[in-house]
Amino acid sequence: MTQRLSPGATVGILGGGQLGRMMAIAAAAYGLKTHIYAPDPESPAFEVAGRHTLAAYDDEAALVAFAAAVDVVTYEFENVPADTVHLLSRHVPLFPDDKALAITQDRLTEKTFVAGLGIPTAPFNDVAEVADLEAALAAFGRPAILKTRRFGYDGKGQVKIGPGDDAAAALAAIGHVPAILEGFVPFTREISVVAARDREGNFAAYDVCENEHRNHILDVTRVPSAIPAKLADEAIAATRRIAEALGYVGVIAVEMFVLEGDADAPDGRIIVNEIAPRVHNSGHWTIEGAVTSQFAQHIRAVCGWPLGSTRRTGRVEMRNLIGEDVDRWQEIAGDPELHLHLYGKGSARPGRKMGHVTRVVPE
Ligand code: AMP
């Protein structure tokens, strides 16, 4: 039997952004306390948590004190340094565990892991030097996409290499750091599966999300996706295989591309692009659009509670408020059918996720 944390226990959260903030709000609804650990004094999650530690992720004394003050640790971002994770896990349970982090922090290990499960990915190759890049370009053709192995998000750390583009210049553009080259996937749609696995191995997925990006940042998520049911089942099955192979605990999101159907696969095909070992922007609609939000679900899983229902309560559309989009808050607040979420961030810099807005239309 899994040890369940009781209301009154404290969940430690590494990272103080909007994901940590929404996790803390969900934890509070269950009578759980939260303690945020983040290095930025302006962390939006600090405002909604009972306690916080303002310290660097390599501050050993602060980490040990944090571990002693909480009953379980989770995180809102995948770039938690390995040393931080190892130090914390010696003192307190940490979910998802270090294996999930180690695999998903690096695009090469991540894609090798996914492909090793027999799940399709874009063709990819390790790139350390210009010669590796030239060989991979010759194998995959152009366009192709060069991505840093680590620390890439929202299109950062990647460059498209088209016909006539210089390989050395592309590698220089990403700072000549370890990278992978991916063959270009001519996708028709981008989807994601947000799902959860509890400490006893039970798995529950939300309906497949269909995502549109603007300037490489998620713009709109619509659920359900318009893809055929068979393909949606395949996408969820692939996510389940990934979660099980990782021995995963918590909410996981898997981003995928959809390829048009052909004679062999009339419904189309899915290709896995990326795994997020955490709650995900494309799952924000679940706050009002599902019986259990992804944040509540994550808290349940890491606290040893049973999973809640992932059933959708209507057709949903979630729009991000990016940069100065947030100036529209009065107009959005004036529509009584919209759910407005603002993250409490000070300055609306271009590209910064300031909030989101969800519409749920009963079916
Ligand atoms: P990523 O940083 O891997 O999430 O990629 C960001 C965006 O770049 C994706 O959402 C796609 O729109 C595009 N992209 C990434 N990889 C590929 C690929 N192999 N082929 C085509 N488009 C891609």
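Trainee: What makes the chain one of several domains, and where do their bounds come from?

Mentor: The chain is divided into domain 1 (10-94), domain 2 (123-183) and domain 3 (187-361), and these bounds come from an automatic or database domain assignment. The C-alpha centres of domain 1 and domain 2 lie 34 Å apart. This is a predicted model, in which local features need pLDDT of at least 70 and side-chain atom pairs count only at pLDDT 80 or more, while totals for chains, interfaces and linings use all residues. Residues are numbered from 1 along each chain as its sequence is written, and side-chain values use heavy atoms, with hydrogens and water left out.

Trainee: How do you know which residues come nearest to the ligand?

Mentor: A residue is near a molecule if one of its heavy atoms lies within 4 Å of it; of the 15 residues around the ligand, Lys147, Gln158, Val185, Glu190 and Glu274 come nearest. By class, this shell has six nonpolar, four polar and five charged residues, where Ala, Val, Leu, Ile, Met, Phe, Trp, Tyr, Cys and Pro count as nonpolar, Asp, Glu, Lys and Arg as charged, and the others, Gly among them, as polar. Domain 2 and domain 3 each give at least three residues to the shell.

Trainee: What makes E8 mostly covered?

Mentor: Buried means under 20% relative accessible area (1.4 Å probe, protein chains only), and five of the five residues of E8 are buried, so the strand is mostly covered. Ala179, Leu181 and Gly183 lie on one side, with Ile180 and Glu182 on the other.

Trainee: How do you know that E6 and E8 pair?

Mentor: Strands (E, at least two residues) are DSSP runs numbered from the N terminus, and two of them pair if DSSP finds at least two bridges between them; E6 and E8 have five, in the antiparallel sense, and therefore pair. Ala144 has Gly183 of E8 as its bridge partner.

Key: Buried means under 20% relative accessible area, exposed over 50%, partly exposed in between (1.4 Å probe, protein chains only). Helices (H or I, at least four residues) and strands (E, at least two) are DSSP runs, numbered from the N terminus.
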